[in-house]
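Subject: Structure handover

Dear colleague,

I am passing on the structure below, with the sequence alongside. My notes on it follow.

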Amino acid sequence: MVAVVMAFSSEQLRIYLPPIPASGAIWWVGFSGGLDSTVLLHALAQLHLPVHLRALHINHQISPNADAWQAQCADFCARYAIPFHAEKVRVENTGKGIEDAARAARYKVFEKNIAPHDVLFTAHHANDQAETLLLRLMRGTGPRGLGAMAAMRALGAGSLVRPLLHFTREQLEAYAHAHRLVWVDDESNLDDDYDRNFLRNQVMPLLQNRWPKFRHKWQQTAELCAQQESLVEEIAHEDLLRVAPIIERVGQSIDLDIFSSLSAVRQQNLLRYWLRLLNHSTPEQLHWQQIEQQLLHGREDAQAQVNWGDVSLRVYQKRLYALPLRLPEMTLQFKLLDVDSKPRLKINLPDVQIRYREGGERCRPAGRAHSQTLKKLLQEYALEPWLRDKVPLVFSGANLVAVGDLLVCADYVAAEDEDGYRLIWQ
């Protein structure tokens, strides 16, 4: 149950702070200079806690006033003897809107500066939480999205804490006036072309007039959804262990038969959880329909794939693969060894070259009497089809001598009593 706080103060803030960190850890405050972050930084400073308190300002260089805001933030921190660090970022709209691009740039800087055991505080409050909840509803979301902003989560090597989620902007503004604080007013906040501003300026006042306590009620909803999501993730974790994930040469794979035996609801839950762990974007309902038709219920065809965002799902030999949409560049290393359990390539071969498949290549693997086509060998060695055109072929002159790190052709294997190269393709 969410406690309804009648007024904001430093002592009320203390209730929502994490434990005092180990010696040397830093408490950063994301400090834009606006009302919310100014109140948060001031209130933290008033507590005189035994922590290293610092302000981190991101200059997005969007507004013509950006440099003046940075100077104002620096002056505020100097007044209260708070170390101040500012970084300028370049915001590029990649199609999701300038707000999303600015947030991405901001959090990239946050993660870069947060060391292990450090905490970054942001000044998101109950009004922000209500706006986030409504925006996610408008976009279509499940319990994870309805959980809105978490009060605490991991951020880079440290953690992110939002201690103001139980306080409204009106309460923060009352505190600011009581302490005669001065803050930055971003002129873009009046532009209703931005979805969040439209909600803040047009929709929320109507809700406030009709249901004065709706923000606290919505915060309760967000917390209940977050609890539900925690339970759902526990189930997804157990299911992920069942499908036996394997780290592949590129990406990861899971057991397709076991995955297919789960109910559709658990399949979707597991897939979203697995892809989040791999830092991939998660599928929308349209993608899920394609996954069912092409990968789960279609014939096993290594050419079938379902792509979105930064991820590609494919099937091979009864396993479901999650791959980056753009396969990474791969390298072939020659490691000199005197002994190894795998066949090693002879050293001092003349005219060594690295090439790629053109068709018609043949090799006689060590221990075999006859050569085979490279096409059949790659199938036999179960190299994933999407990597077969990328496997590096080692030639000595016109002769194929090794295929990636899969095999060494028989005539070019180093003897047991001589040095040889162990090939590593990664």
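**Surface and overall form**

The protein has an accessible surface of about 23,000 Å², and carbon and sulfur atoms supply 50% of that. Accessible areas come from the Shrake-Rupley method with a 1.4 Å probe, and for residues only the protein chains shown count as cover.

Please keep in mind that this is a predicted model, in which local features need pLDDT of at least 70 and side-chain atom pairs count only at pLDDT 80 or more, while totals for chains, interfaces and linings use all residues. Residues are numbered from 1 along each chain as its sequence is written, and side-chain values use heavy atoms, with hydrogens and water left out.

Of the 426 residues, 44% are buried. Here buried means under 20% relative accessible area, exposed means over 50%, and partly exposed lies in between (1.4 Å probe, protein chains only).

The radius of gyration is 29 Å, whereas a compact globule of 426 residues would come out near 22 Å. That radius is taken over C-alpha atoms, and the globule rule is 2.2 Å times the number of residues to the power 0.38. The C-alpha trace spans about 90 × 50 × 40 Å along its principal axes.

Among contacts with a separation of 6 or more, 67% join residues 24 or more positions apart; a contact means heavy atoms within 4.5 Å.

On charge, the mean position of the 47 positive charges lies 2 Å from that of the 50 negative ones. Lys and Arg count as positive and Asp and Glu as negative, with His and the chain ends not counted. Each charge is placed at NZ of Lys, CZ of Arg, CG of Asp or CD of Glu.

The protein contains 13 helices and 19 strands. These are DSSP runs numbered from the N terminus, with helices being H or I of at least four residues and strands being E of at least two.

Two strands count as paired if DSSP finds at least two bridges between them. In general, strands of a sheet pair through backbone hydrogen bonds, either parallel or antiparallel.

Strand β16 (residues 393-396) is joined to β17 by 4 bridges in the antiparallel sense, and V394 stands opposite A402 of β17. The two strands form a hairpin with 2 residues between them, where G397 in the turn has a positive phi of about 65°.

β17 (residues 399-403) is linked to β18 by 2 bridges, again antiparallel. A402 has V408 as its bridge partner in β18, and V403 stands opposite L407 of that strand. This second hairpin has 3 residues between its strands, and G404 takes a positive phi near 50°. As for burial, 4 of the 5 residues of β17 are buried.

Most residues other than glycine have a negative phi.

- N279 has phi near 60°, a positive value in a residue other than glycine. N279 sits in the loop between α11 (264-277) and α12, and counts as exposed because its relative accessibility is 67%.
- K318 is not a glycine, yet its phi is positive at about 65°. The loop between β10 (311-316) and β11 (319-324) holds K318, which is partly exposed because its relative accessible area is 46%.

**Some helix residues**

Q70 belongs to helix α3 (residues 66-79). Leaving aside residues up to four places away in sequence, Q70 touches H57, N59, F84, A86 and K88. Its C-alpha is 48 Å from that of I291, a residue 221 positions away in sequence.

A174 is part of helix α7 (residues 169-178). With a relative accessible area of 47%, A174 is partly exposed. The C-alpha atoms of A174 and W69 are 22 Å apart, with 105 residues separating them along the chain.

Q289 is found in helix α12 (residues 285-296). Q289 counts as partly exposed because its relative accessibility is 39%. From Q289 to V161, 128 residues away along the chain, the C-alpha separation is 37 Å.

Regards
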